[in-house]
Amino acid sequence: MRRRSEPHTFEERLDAQRLRLEHELSRVPDGQQRDTLVARIDQLQTAAEMYDFLMTREDAAASR
């Protein structure tokens with residue numbers, strides 16, 4: 001029977017995806033594919049920042 005891994009948080013999944021893309025980026029020469037990877041990494045960073053902002057606001061609202 002296959003063992004299931006522990007559930008990962010949204011933040012952990014974003015970080016894992018970003019690390020995977022950064023590793024891939026180191027092996028890709030300049031060009032359109034590299035530009036696409038850089039844009040995707042930027043999107044993941046923005047998503048992480050937005051998630052952090054929203055969770056901070058949610059925590060503040062819950063403590064009122």
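Student: Before we start, what are the ground rules here?
Tutor: In this predicted model, local features need pLDDT of at least 70 and side-chain atom pairs count only at pLDDT 80 or more, while totals for chains, interfaces and linings use all residues. Residues are numbered from 1 along each chain as its sequence is written, and side-chain values use heavy atoms, with hydrogens and water left out.

Student: At what angle do α1 and α2 pack?
Tutor: Helices here (H or I, at least four residues) are DSSP runs, numbered from the N terminus. Helix α1 covers residues 10-25 and helix α2 covers residues 32-62, with axes 10 Å apart. Axes are lines fitted to C-alpha atoms, for helices over the stretch in contact, and angles run from 0 to 180 degrees between N-to-C directions. On that scale, the packing angle is about 160°.

Student: Are α1 and α2 roughly parallel or roughly antiparallel to each other?
Tutor: Angles under 35 degrees count as roughly parallel, over 145 as roughly antiparallel, 65 to 115 as roughly perpendicular and the rest as oblique. The α1 and α2 pair packs at about 160°, so the two helices are roughly antiparallel.

Student: How many nonpolar residues are in the contact of α1 with α2?
Tutor: Contact means heavy atoms within 4.5 Å. On the α1 side the list includes Phe-10, Leu-14 and Leu-21, and these α1 residues meet a set in α2 that includes Val-38, Ala-47 and Tyr-51. Ala, Val, Leu, Ile, Met, Phe, Trp, Tyr, Cys and Pro count as nonpolar, Asp, Glu, Lys and Arg as charged, and the others, Gly among them, as polar. By class, the contact of α1 with α2 has 3 polar and 6 charged residues, and the nonpolar number is 11.

Student: How far does α2 reach from its first C-alpha to its last?
Tutor: The expected span of a helix is 1.5 Å times one less than its number of residues. α2 has 31 residues, and its reach is close to the expected 45 Å: the value is 45 Å.

Student: Which residues does Leu-44 touch, not counting residues up to four places away in sequence?
Tutor: Leu-44 sits in helix α2 and is buried (under 20% relative accessible area, where exposed is over 50% and partly exposed is in between, with a 1.4 Å probe and protein chains only), at 6%. In α2, Leu-37 and Ile-41 are buried as well, and what covers the buried residues of α2 includes α1. The residues touched by Leu-44 are Leu-14, Gln-17, Arg-18 and Leu-21.

Student: Is Val-28 buried or exposed?
Tutor: Val-28 lies in the loop between α1 and α2. Leaving aside neighbours within four places in sequence, Val-28 is in contact with Gln-33, Arg-34 and Leu-37. With a relative accessible area of 12%, Val-28 is buried.

Student: How far apart in space are Leu-19 and Ile-41, C-alpha to C-alpha?
Tutor: Leu-19 is in helix α1 and counts as partly exposed, at 44% relative accessibility. Leu-19 and Ile-41 are 22 residues apart in sequence, and their C-alpha separation is 8.8 Å.
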